[in-house]
Amino acid sequence: MKDNKKRFQIVDALLIVMMIAPLVAAMAIKVLTTPASEGISITGARILFTIPMPIQDLIISEAQVNSWLILITILGFCLFITHGLKEDKRDWRQMAAEWIVEKVDDLVHNSMENVFHDSYAPFIATILAISACSSLMSLFGVFPPTADVNVIAGWSILVFALITKNKLKAGIGNYAKGFLEPIPVMLPMNILSEFATPISMTFRHFGNVMSGTVIATLVAWALQNLSAMVLGWLPGFLGDVPFLQVGIPAILSVYFDIFSGCIQAYIFAMLTMLNVSGAYPAEAIAERLAKREERKAKAA
Amino acid sequence: MLEIAIGIILGCCALGAGICMGIGAIGPGVGEGHAVANACEAIGRQPEAKGAVTSTMIMGCAISETTGIYALVIAILLIFVAPGMLVNTLTKAIKTLGA
């Protein structure tokens, strides 16, 4: 028991630091890179530095750096709840880890039921965790990576690759034939709808998070002006303090950051599962297997 | 002349954003109202299924909100991105024509 306690203090303290340090670093980057003269304004991700590259300069923006930092935080959290697992003696961390794994397995099992296996659970859990944590990052006052369209476009391209991989499982001929259904005239429409899936997924998530950011900024700006107008007569520095800005933006952020961010993470994961499992050509594969067995029976 | 052109660009961008948001909000509003009304009916008929109905409804609402979000993205692009781009192309065109 004593030994346990000692180990808890050293390793876990390090892991907790690993969880919290990236958030502090993100806040520090935000404070250091924001020009002092800038008031409240609506901007995209700030460009931190550019790396010269042969074809096009590589731009490292706030969104990328913040998403790297959130990855470190999630990694720290995962290591924190999973290190030192024991079969017989469970503490609360192990319970939490088991609960998370069980819930994600259940979700994937219920949504991708047809032929699907639990091998998609880690991917879905990753998308859920990164998306939700990135959106919740705006609670700390830093730029949420999900408010940058490029970040989510990257995830959508991953999902698109998964969908195409699953469609190709019944052979390239079957995949190409799918574009000519129900009639060959529909070919351009089918190609268009193929690319519409990732684009709509991108803009759904991006638009929700960005609308929250924009509305919060507008409300903060309006409240600042209102308090300058109403309370501007107060003597000295009291007139400059925007009293009305206290509290009201927090209520808005409960909806836009917490509720909307978590719902969008859930929906992104849900749509990923539905699209990927819907792309699986179960009938074509079953036909193929049946034909193969027939051939085998004939040969025998 | 240039001032008038820039004024027309700014005004049309603002007008377009307003119309876009106004028309784009009708569809999701009606759709979400329909979804919530039917969810209420379902809960009234079968109160024990409240949890499942509510979570499905929130999911459906968030998806039917998508078109409204597209309209919002276009409106924000029209307000914050389009004017600068259009004015830039205008001044460039005037420069090339003058030179």
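A: Of the 300 residues in chain A, 34% are buried, where buried means under 20% relative accessible area, exposed means over 50% and partly exposed lies in between, with a 1.4 Å probe and protein chains only. The model is predicted, so local features need pLDDT of at least 70 and side-chain atom pairs count only at pLDDT 80 or more, while totals for chains, interfaces and linings use all residues. Residues are numbered from 1 along each chain as its sequence is written, chains are lettered from A and ligands numbered from 1 in the order in which they are written, and side-chain values use heavy atoms, with hydrogens and water left out.

Chain A contains nine helices and two strands; helices (H or I, at least four residues) and strands (E, at least two) are DSSP runs numbered from the N terminus. Along the sequence their order is α-β-β-α-α-α-α-α-α-α-α. Among the chain A contacts between residues at least 6 apart in sequence, 69% join residues at least 24 apart, a contact being heavy atoms within 4.5 Å.

Strand 1 (residues 47-51) of chain A and strand 2 (residues 58-61) of chain A run antiparallel and are joined by four bridges; strands pair if DSSP finds at least two bridges between them. Six residues lie between the strands of this hairpin. Within the pairing, I47(A) stands opposite S61(A), and T50(A) stands opposite I59(A). In a regular strand, the side chains alternate between the two faces of the sheet.

Helix packing is the next topic. Two packed helices are described by the angle between their axes and the distance between the axes. Axes are lines fitted to C-alpha atoms, for helices over the stretch in contact, and angles run from 0 to 180 degrees between N-to-C directions.

In chain A, the axes of helix 2 (residues 62-82) and helix 4 (residues 121-136) come within 10 Å and cross at roughly 120°. That angle makes helix 2 of chain A oblique to helix 4 of chain A, because angles under 35 degrees count as roughly parallel, over 145 as roughly antiparallel, 65 to 115 as roughly perpendicular and the rest as oblique. This crossing of helix 2 and helix 4 of chain A is right-handed; a crossing is right-handed if the near helix is turned clockwise from the far one by less than a right angle, and left-handed if anticlockwise. Helix 2 of chain A contributes I70(A), L71(A) and I74(A) to the contact, and helix 4 of chain A contributes A129(A), I130(A), C133(A) and S134(A). By class, these residues are six nonpolar, one polar and no charged, with Ala, Val, Leu, Ile, Met, Phe, Trp, Tyr, Cys and Pro counted as nonpolar, Asp, Glu, Lys and Arg as charged, and the others, Gly among them, as polar.

Beyond its neighbours within four places in sequence, I70(A) is in contact with L23(A), C133(A), S134(A) and M137(A). The C-alpha atom of I70(A) is separated by 6.9 Å from that of P22(A), 48 residues apart along the chain.

Further along chain A, T202(A) lies in helix 7 (residues 187-230). T202(A) likewise counts as buried, at 6% relative accessibility. Its contacts, leaving aside neighbours within four places in sequence, are V149(A), I152(A), A153(A) and S156(A).

Helix 1 (residues 2-24) of chain B and helix 5 (residues 82-98) of chain B pack at about 155°, their axes 10 Å apart. The two helices of chain B are therefore roughly antiparallel to each other, and their crossing is right-handed. Helix 1 of chain B brings L2(B), A5(B), I6(B), I9(B), L10(B) and C13(B) to the contact, and helix 5 of chain B brings A82(B), P83(B), L86(B), V87(B), L90(B) and I94(B). These residues divide into 12 nonpolar, no polar and no charged.

I23(B) also lies in helix 1 of chain B and is exposed, with a relative accessible area of 58%. The C-alpha atoms of I23(B) and A71(B), 48 residues apart along the chain, are separated by 8.4 Å. In helix 3 (residues 50-64) of chain B lies V53(B), which touches A39(B), A42(B) and I43(B), not counting residues up to four places away in sequence. Between the C-alpha atoms of V53(B) and M1(B), 52 residues apart along the chain, the separation is 60 Å.
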